[in-house]
Amino acid sequence: ITTILINDLQNKSFDLFHFYERRARRILPALYSVLIVAILYAFHTSPFYARDIFQSIFAATLFAENLLLLVESSNYFELGVDEKLLFHTWSLAVEEQYYIIFPLFLALTWKLGIKKITSILLIIFILSLCLAHFSSTYGVFERVKTGSFYLIPTRAWELLIGVFIALHIDYIQEKIKIEYNHFLSLLGLSMIL
C-alpha cells in the first residue's frame with residue numbers, strides 16, 4: 001500500500017477518494033459476505049448471543065471491532081473468546097484505521113522529502129514500540145493490557161516496518177543483488193514453514 005501511495009505521490013496522481021475506493025472494492029465484498037452469514041446465523045441463536053453478534057456486525061461495518069473488544073475487555077487469550085463470532089475482524093479494524101490515517105499523513109508530509117518523513121515515522125515507531133511494551137508489561141489494569149493488544153497506537157510499529165521497506169525499497173534493491181534476493185526469499189519462506 002505504501003508503494004502505491006508513493007508512486008501516486010511521485011506521479012502527482014494521488015487522489016485520496018480514489019485510494020479509499022480501491023480499498024473498499026478490495027475489502028468490502030469479502031467483509032459483507034462474512035457479515036451476511038453472521039446475520040443469518042444470529043437469527044438462529046439465543047437473543048442474548050444474537051445481540052452480541054449484531055453489536056459485532058455494527059462494529060465490523062465501521063472497522064471498529066477492536067474498540068468494541070476493548071470496551072468489552074475481551075482478552076485475546078481468555079477462554080470464551082471463541083464464542084465471539086466476528087472476533088477475527090479486530091485486526092481488519094486496525095488495518096483499516098491505519099489506512100485512514102497513513103495516506104493523510106503521507107500526503108500532508110510528502111513535500112518534506114523521504115528523509116524527513118522517515119525521521120518522523122522513526123520517532124512514531126519508537127514511541128509505538130515503547131508504548132506497546134510498557135502497556136502490555138507494566139499495565140496495572142487489565143484494560144490497559146487489552147488496549148495495548150487491540151489499538152493502533154501500540155500496533156503502529158508493526159505496520160511501520162513495512163512502510164520503512166517501501167520508502168527505501170529502491171535503495172535496498174540497489175544494495176542487494178537479485179541473486180541474493182532469491183536466497184533471502186527462500187530463507188524467509190523456510191522460516192515461515
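Q: Which residues have the most contacts inside the largest nonpolar core?
A: In soluble globular proteins, nonpolar side chains tend to be buried together. In this predicted model, the largest nonpolar core has 23 residues, and F102, L106, I117, L121 and V163 have the most contacts inside it. Helix 1, helix 5, helix 6 (114-138) and helix 8 each supply at least two residues of this core. Helix 5 gives the most, with 7 residues.

Q: What does V163 touch, not counting residues up to four places away in sequence?
A: V163 touches T2, Y98, F102 and L121. Another core, of 12 residues, lies apart from the largest one; I27, A38, A60 and F63 are among its members.

Q: Which residues of helix 1 are buried?
A: The buried residues in helix 1 are T2, L5, I6, D8 and L9. They lie on the same side of helix 1, because they cover an arc of only 165° around the axis. The buried residues of helix 1 pack against helix 2, helix 5 and helix 8 (156-167). After helix 1 comes K12, which has a positive phi, near 55°.

Q: Where is F14 found, and with which residues is F14 in contact, leaving aside its neighbours within four places in sequence?
A: F14 is found in the loop between helix 1 (2-10) and helix 2 (16-42). Its contacts beyond those neighbours are L5, D8, L9, P103 and A107. F14 and A107 are 93 residues apart in sequence, yet their C-alpha atoms are 8.1 Å apart in space. F14 counts as partly exposed because its relative accessibility is 22%, whereas buried means under 20%.

Q: Which residues form a nonpolar patch on the surface?
A: The patch consists of I100, I101, L104 and L108, which together have about 410 Å² of accessible area. One of these residues, I101, lies in helix 5 (residues 89-109). I101 has a relative accessible area of 49%, so it is partly exposed.

Q: How many salt bridges are there, and how far apart are the closest N and O atoms of E21 and R25?
A: Side chains of opposite charge can pair when their charged atoms come close. The count here comes to 7 salt bridges. In the salt bridge of E21 with R25, the closest N and O atoms are 3.9 Å apart, and the cut-off is 4 Å. Both residues lie in helix 2, 4 residues apart, about one turn of the helix. E21 is partly exposed at 35% relative accessibility, while R25 is exposed at 52% relative accessible area.

Q: Which distant parts of the chain does the pair of E95 and R23 link?
A: The side chains of E95 and R23 meet in a salt bridge at 3.3 Å, N to O. This pair links E95 in helix 5 to R23 in helix 2, 72 residues apart. E95 is partly exposed, with 25% relative accessibility, but R23 is buried, with a relative accessible area of 6%.

Q: Where do E72 and K84 lie?
A: E72 forms a salt bridge with K84, with the closest N and O atoms 3.0 Å apart. Both E72 and K84 lie in the loop between helix 4 (65-71) and helix 5, 12 residues apart. E72 is partly exposed at 31% relative accessibility, and K84 is partly exposed at 26% relative accessible area.

Notes
Residues are numbered from 1 along each chain as its sequence is written. This is a predicted model: local features need pLDDT of at least 70, side-chain atom pairs count only at pLDDT 80 or more; totals for chains, interfaces and linings use all residues. Side-chain values use heavy atoms; hydrogens and water are left out. Patches are made of residues with over 30% relative accessible area and no salt bridge: like charges are joined within 9 Å, nonpolar side chains (Val, Leu, Ile, Met, Phe, Trp, Tyr) within 5 Å. Accessible areas come from the Shrake-Rupley method with a 1.4 Å probe; for residues, only the protein chains shown count as cover. Buried means under 20% relative accessible area, exposed over 50%, partly exposed in between (1.4 Å probe, protein chains only). Contact means heavy atoms within 4.5 Å. The arc is that of the directions from the helix axis to the C-beta atoms. A nonpolar core is a set of buried Ala, Val, Leu, Ile, Met, Phe, Trp, Tyr and Cys residues joined through side-chain atoms within 4.5 Å.
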